[in-house]
Each structure stands twice: as structure tokens, then as C-alpha cells.
Amino acid sequence: MPVIDIKLWEGKTDDQAKENLIKDLTEAVVKNIGCPTQAVDICITEVPRKNWGKGGVVSSKLDL
């Protein structure tokens with residue numbers, strides 16, 4: 001059973017974009033691995049920028 005774990009900054013992605021991402025990634029896994037659609041698990045976790053570091057700096061302090 002393939003599992004894809006995605007972490008995104010909180011508030012960056014709307015629900016429709018997440019649905020599209022889940023659909024597209026599932027289709028890619030099924031096509032490339034050959035497993036059944038129902039076997040693909042995808043978990044999207046939204047992380048507050050204050051809990052994410054990039055280059056030694058808390059991401060909430062970065063201008064991205």
C-alpha cells in the first residue's frame with residue numbers, strides 16, 4: 001500500500017487544490033506502480049509557518 005505524506009504551510013492551499021493534488025498523485029502512483037486506486041493513501045498536513053524552519057530561520061520570519 002503506497003503512502004504519500006505531504007506537508008504544506010498552513011493556509012497556502014485551498015480545498016479544491018488539495019482535492020486535485022490527491023487525485024493527480026493517486027493517478028500517477030496507480031500508473032507507475034500498478035497498484036489499485038484504493039490502495040493509495042495520501043495525507044496532507046498543514047503546518048503553521050512558526051513551526052517550520054528553512055535555512056536556520058523560522059519560516060514565519062521569512063518573506064516568501
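Start your tour by selecting T45, which counts as partly exposed because its relative accessible area is 28% (buried means under 20%, exposed over 50%, and partly exposed in between, using a 1.4 Å probe and protein chains only). What you have open is a predicted model, where local features need pLDDT of at least 70, side-chain atom pairs count only at pLDDT 80 or more, and totals for chains, interfaces and linings use all residues. Residues are numbered from 1 along each chain as its sequence is written, and side-chain values use heavy atoms, leaving out hydrogens and water.

Stay with T45 for a moment. T45 belongs to strand β2, residues 41-47 (strands are DSSP runs of E with at least two residues, helices are runs of H or I with at least four, and both are numbered from the N terminus).

Next, zoom out. The protein chain has one helix and four strands, arranged along the sequence as β-α-β-β-β. The C-alpha trace spans about 40 × 25 × 15 Å along its principal axes. Of the 64 residues, 17% count as buried.

Now go to the helix, α1, residues 15-33, and pick T26. T26 counts as buried because its relative accessibility is 11%. Beyond its neighbours within four places in sequence, T26 is in contact with T37, V40 and I42.

From C35, look for P2, V29, V30 and V40, which C35 touches when residues up to four places away in sequence are not counted.

Where are the aromatic rings to visit last? The structure holds one aromatic pair. Select W9 and W52: their pair is edge-to-face, 6.0 Å centre to centre with 80° between the planes (rings of Phe, Tyr and Trp, its six-membered ring, pair if their centres lie within 6.5 Å; planes under 30 degrees apart are stacked, over 60 edge-to-face, the rest tilted). W9 lies in strand β1 (residues 3-9) and W52 in the loop between β2 and β3 (53-54), 43 residues apart.

Definitions and conventions. Contact means heavy atoms within 4.5 Å.
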